[in-house]
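Let's walk through a model together, one feature at a time. Have the viewer open and follow along.

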Amino acid sequence: MIPLKDNIPTSRFPLVTIALISLNVLVYLYTDILGFGDIEFISRFGIIPHNIITAGKLTGSGPLMAGGSFLSSQFIHGGLFHLAGNMLFLWIFGNNIEDTMGPFKFIMFYLACGIIAGAAQIIPDPQSHIPMIGASGAVAGVMGAYLLEYPRAKVLTLIWILFFIRLIWLPAFFIILYWVALQIFFQFSSGGESSGVAYMAHIGGFAAGLVFFKLFLLFRGKKSTLWRGN
């Protein structure tokens, strides 16, 4: 099940969303296409749980660089499909949330969700030496915001089961909650990190998105209901 686009128009140009996608693509070109993303690079700029809890002693990077990995890791991807999936979801859901929040608040929201996602991935295995990279935690936060703001939006979705292929408009809340359920299932059934996917980061980023966006709505004085239609 692959979402392709939603039916919610925006009232402003999604400058930050496009900038984030462009930056992620540029970093991918540097690391994967040009070949600079070696093990040392990933270890330096990715989140390594044990390196975080030892304040950078594991890699010798120091506490500042270790802390900075919560931001730098969000722009590094492990392959074309990893990048494409994250950027597709960011484009579908991000432009509308940027439209709602405004560019400055949106970028702060996005990065904060990514930071919380990175912290969440440390919790199940703080002794891990495996680097965590990717924008999926931050994108999960955007999906959490979208669930609160546009639950009944329609999302054009590619359904592919063996030889059965069809395009169907599905409610956004179904797409997002289905995705969240998969993250929870795989985290607790396969051990999360051992599978090569940071499921706990996805869950943490999504939860952060719900909380941060709800706070945004409260401070803006706007009521939100999970079932408000659009």
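**Reading a loop, a helix pair and a sheet**

Q: Where is Pro126 found?
A: Pro126 sits in the loop between H6 and helix H7 (136–149); helices (H or I, at least four residues) and strands (E, at least two) are DSSP runs, numbered from the N terminus. This is a predicted model, where local features need pLDDT of at least 70, side-chain atom pairs count only at pLDDT 80 or more, and totals for chains, interfaces and linings use all residues. Residues are numbered from 1 along each chain as its sequence is written, and side-chain values use heavy atoms, leaving out hydrogens and water.

Q: What does Pro126 touch, not counting residues up to four places away in sequence?
A: Contact means heavy atoms within 4.5 Å. By that rule, Pro126 touches Pro49, His50 and Ile53.

Q: How do I describe two packed helices?
A: Give the angle between their axes and the distance between the axes. Axes are lines fitted to C-alpha atoms, for helices over the stretch in contact, and angles run from 0 to 180 degrees between N-to-C directions. Here, the axes of H6 (residues 103–122) and H9 (residues 199–220) come within 7 Å and cross at roughly 140°.

Q: And the sheet: what is the strand order?
A: Two strands pair if DSSP finds at least two bridges between them. This open sheet of three strands runs S1-S2-S3, with antiparallel pairing. Its edge strands, S1 (2–6) and S3 (164–171), each pair on one side only. Four bridges join S1 to S2 (residues 154–161), and Ile2 stands opposite Leu158 in S2.
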